[in-house]
Amino acid sequence: MQKAKKLRALAVVVPTVLIASLLSGTFTTGATAADSGMGPGPKKKAATFAVGSLIDYTKQPYTPKAYASAAKVKDGTQDCSYHNTSMKDYSGQKITVLAPPPPNMGEPMEQHGAMFAKLTGGKVIVQHVPVGDLYPKQQTAFQTGVSPWDVVVNFSNWIGDFQQYYYDIPTKYTSGNGELASMLPLYKGIYSWNGKTKFFGIDADRHFLKYRTDVIEDPAAAAFYKDKTGKTLEVPKTWAEYNLMASTFNGYKPKGQPAGTAFAGSSEITKRDDLMSTAFINRVAPYAKNPNVKTGFWFDKNMVPQVNNPGFVQGLTDFVASAKYWPQGGGNFGLSDEITSYGRGDSLFSYTWDDAWSQSNQSDSPIVGKVKAAPNPGAEKVWNSETKKWDTPAGGVNRAPYIAWGWSSSIPVASKNKQMALDFLCFFANKANHAIDLTIGRTGVNPSRTEDFTTDFWVKGLGWSTEATQSWIDTMNNYSTAKNRVFDLRVPGNGQFMGAIADGVALALAGQKTPQAALDEVAAKWVEILNTIGKDKVKAAYQNVLKLENS
Amino acid sequence: MTSKFYKRLFLLPGLLLLIAIIIFPLLFTIRVSMANWNVSHSGLDWAGGANWARMFHDVNFWSSLFRLFYFSFITTTLQYILGFTAAMYAWKGFASRRFFRVLWLVPLMTTPSVMAIVWRSIFREDIGAANGLLSKIGIDPIAWSTQIFPATVTITIAEVWQWTPFMFLILLAGLLSLPKEQFLSAEIDGATPWRTFWSITFPLMAPISIGAIIIRLIEASKIFDSIFNLTSAGPGNSTETPAYYLYTRGLREFQISYGATMGLMYLILAILTLTILGQIFARVSKPRGI
């Protein structure tokens with residue numbers, strides 16, 4: 001009787017407590033992660049790798065096909081060289097790395113992880129998840145106050161969402177004899193938050209123009225263009241010129257066109273949920289980033305979204321117009337489609353990450369030797385969000401390169417073995433590994449350090465033509481010193497803000513809404529997002545973006 | 001008393017499991033829907049009905065529901081017609097019918113997301129097999145995923161291909177279990193095959209058909225794999241369904257509370273719609289003597 005009573009009482013009490021706890025908010029999640037310390041660190045041991053030896057990437061514990069044909073590279077002299085790493089004893093210790101699947105970042109993480117384990121005796125477990133899961137997995141773990149990983153691979157535009165969960169990278173890695181010391185100041189800035197380095201920079205990115213030289217530099221094509229438009233054919237300085245050339249040469253047959261491949265004007269990223277918002281940013285940047293306005297590209301000083309101002313609308317109008325000159329299926333291209341399409345010779349132009357460039361310069365590319373790089377087009381007018389008028393830029397063209405996000409990595413504050421994680425990342429990014437990863441397109445590692453910006457490295461290492469390589473390096477140097485640049489919206493809720501852009505741009509590209517109506521809807525959503533996340537919180541974070549924009 | 005106690009005790013594991021996997025998640029989702037859990041705020045604070053109010057004004061959510069009604073209705077209808085036709089053939093018998101019965105089940109045995117990727121390569125506008133075949137017979141390439149109507153057709157084809165075998169299987173099982181007497185009487189009375197079908201087979205199959213349609217409608221209401229892989233809900237938002245919209249808002253953008261709110265509304269509407277449909281189907285089938 002007593003037992004039955006107790007059971008009945010329990011049946012009432014347990015659900016009641018449960019429901020009451022839920023409603024009262026007792027079940028809360030931990031928003032901040034406690035620092036779990038640096039971990040035991042390494043013991044010292046005798047070096048197993050001689051100073052300055054040649055590193056044979058074909059004879060490492062994990063050698064994927066891409067590395068099997070890699071050249072031998074001489075070990076560096078920095079803190080995390082093979083020699084210095086081989087003096088660290090991590091036996092009995094392990095770290096877990098959250099990374100995307102191979103090849104992009106997943107493959108080099110496995111490759112260098114296995115070698116780090118061999119040199120130090122520690123264990124490196126690489127946990128692969130699809131790229132789309134990197135964000136939600138981290139967000140879920142960090143919001144609940146834990147981190148199953150010691151190293152996470154991420155994108156630098158997430159800094160506003162995650163910076164509070166990431167450990168500050170000590171300055172010894174970014175200066176002096178540190179592996180990241182030679183990274184260009186532009187990229188050091190991207191990997192920092194309020195003056196502290198939050199990302200271990202293993203890659204750096206930017207968007208730039210790729211054009212076919214067998215059209216732009218061909219006298220017959222120039223004559224054809226002159227005849228059709230009355231204008232001189234040259235590398236497009238503005239998006240208007242870009243569109244005009246793309247439309248004129250859509251269906252043209254360049255001299256070096258691969259057999260059986262139709263020729264179109266432009267291969268772009270247009271798939272709604274596959275980075276299309278980044279293509280849009282390129283299109284609007286020179287129309288909406290005014291060098292005389294220091295109050296922001298994305299918001300004004302009162303945090304009013306600028307995403308529907310006439311500059312943005314003009315950029316989107318150009319983007320919509322270019323749909324007529326895309327290759328077959330070009331309206332549903334994600335990043336990988338854009339790379340493949342341009343690499344196989346579908347189009348005259350393309351303008352996002354370095355990948356399409358690397359693809360078209362590979363020895364097996366059907367358009368090898370027929371592509372050059374240039375800064376992305378500018379605009380003949382630029383919107384002034386303070387005077388609410390169009391300005392005519394000095395020199396006739398306003399340039400505003402977009403320094404897009406790239407792969408990066410961090411160490412969660414909650415990691416219990418931060419020292420080993422730091423040593424691993426530092427080894428991953430050492431001079432030799434960085435050099436070899438740069439030469440293998442599929443690793444996802446792109447130039448970011450002073451030594452990467454030399455023609456010889458690419459011409460001798462990869463057999464690229466001097467002229468083409470020089471055009472690429474000139475473009476990157478141009479971006480490094482440019483004074484009017486656009487950066488990602490590195491604030492909390494970046495995914496939501498960019499998601500709203502993708503929704504709106506997709507509606508305009510599909511013809512379901514006019515560019516103005518679509519962007520008005522985006523602006524309304526941005527106000528909603530601001531209210532949800534907190535205007536002050538976003539404003540405070542936005543100051544970091546402004547610092548970069550005005551640098 | 002002791003025996004009653006033990007009887008209840010035996011129920012306990014099932015009850016605990018029920019609480020753990022259904023009651024608690026449901027209550028938790030309701031609670032989350034009344035909080036502000038998002039990308040920058042992880043606590044379960046109290047937001048009252050703010051998310052619910054936002055959802056009622058969210059045009060994209062409601063338009064995705066209308067699109068779902070379209071996809072569910074069209075795909076289930078086509079699956080039913082094709083599945084019934086195939087089941088009739090298999091029931092009546094023809095050469096190698098056992099082989100074809102197994103062959104029909106192949107789509108059902110493949111993973112939906114894998115099949116969606118295969119369909120994507122078939123419907124790729126630049127190098128896909130569909131446009132390749134069309135060009136062989138002199139038809140211009142179709143913008144399978146970049147124009148609104150063809151994109152809708154693409155999703156419909158993928159869904160119908162994948163799930164028609166399910167209808168076939170259920171309906172064939174129903175046909176094989178029908179009593180033989182009515183068919184013998186009809187044959188003696190000289191009824192035509194068409195008359196036999198309309199007056200005997202179809203009415204007798206009504207309860208099984210209703211069950212199969214309801215199960216398919218429940219499944220179709222969750223349509224995601226094909227949309228995610230084939231069109232990414234585009235062009236524009238023309239193929240966006242609630243499951244995709246929820247995934248984008250809730251998981252990709254980490255609007256946890258708002259995603260929970262939409263999930264609950266989706267659940268309520270699904271229960272209501274399917275209950276009403278079940279009632280309508282039951283009434284419609286009654287006058288035919290079932």
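A quick term before the first stop: the domain bounds used here come from an automatic or database domain assignment. This is a predicted model, in which local features need pLDDT of at least 70 and side-chain atom pairs count only at pLDDT 80 or more, while totals for chains, interfaces and linings use all residues. Residues are numbered from 1 along each chain as its sequence is written, and chains are lettered from A and ligands numbered from 1 in the order in which they are written.

**Stop 1: the two domains of chain A**

Color 43–202 + 407–445 of chain A as domain 1, and 209–404 + 483–549 as domain 2. The C-alpha centres of these two domains of chain A lie 32 Å apart. Where they meet, 12 residues of domain 1 of chain A are in contact with 14 residues of domain 2 of chain A (contact means C-beta atoms, placed from the backbone, within 7 Å). On the domain 1 side of that meeting, α6 (159–162) and α7 (185–190) of chain A each supply at least two residues. Helices here are DSSP runs of H or I, at least four residues, and strands are runs of E, at least two, both numbered from the N terminus. That domain 1 side has six nonpolar, five polar and one charged residues. For this sorting, Ala, Val, Leu, Ile, Met, Phe, Trp, Tyr, Cys and Pro are nonpolar, Asp, Glu, Lys and Arg are charged, and the others, Gly among them, are polar.

**Stop 2: chain A as a whole**

Zoom out and show chain A as a cartoon: you have 21 helices and 18 strands to look at. Its C-alpha atoms fill a box of roughly 95 × 65 × 45 Å along the principal axes.

**Stop 3: helix α21 of chain A**

Now select residues 535–549 of chain A. These 15 residues should span 21 Å at 1.5 Å a residue, and the end C-alpha atoms are 20 Å apart, which agrees. The expected span is 1.5 Å times one less than the number of residues. Look for a bend of about 25° at A:Q543, the angle between axes fitted to the seven residues ending there and the seven starting there. Show side chains for the buried residues of α21(A), among them A:V538, A:Y542 and A:V545. The buried residues of this helix pack against α6, β8 (192–193), β18 (486–487) and α20 of chain A.

**Stop 4: A:N243**

Which helix holds A:N243? Go to α10 (residues 239–248) of chain A. A:N243 counts as buried because 22 C-beta neighbours lie inside 10 Å. Leaving out residues up to four places away in sequence, A:N243 touches A:D318, A:A321 and A:S322.

**Stop 5: across to chain B**

Show both chains: 39 residues of chain A are in contact with 35 residues of chain B. On the chain A side, α1 (2–24), α5 (131–143), α19 (494–509) and α20 (515–533) of chain A each give two or more residues. The most come from α19(A), with seven.

Finish on α10 of chain B, residues 193–220, whose end C-alpha atoms are only 33 Å apart, short of the 40 Å a straight helix would reach. A kink of about 55° lies at B:A206, shortly before the proline B:P207.

Terms used:
Contact = placed C-beta atoms within 7 Å. Buried ≥ 20, exposed ≤ 12 C-beta atoms within 10 Å, placed from the backbone.
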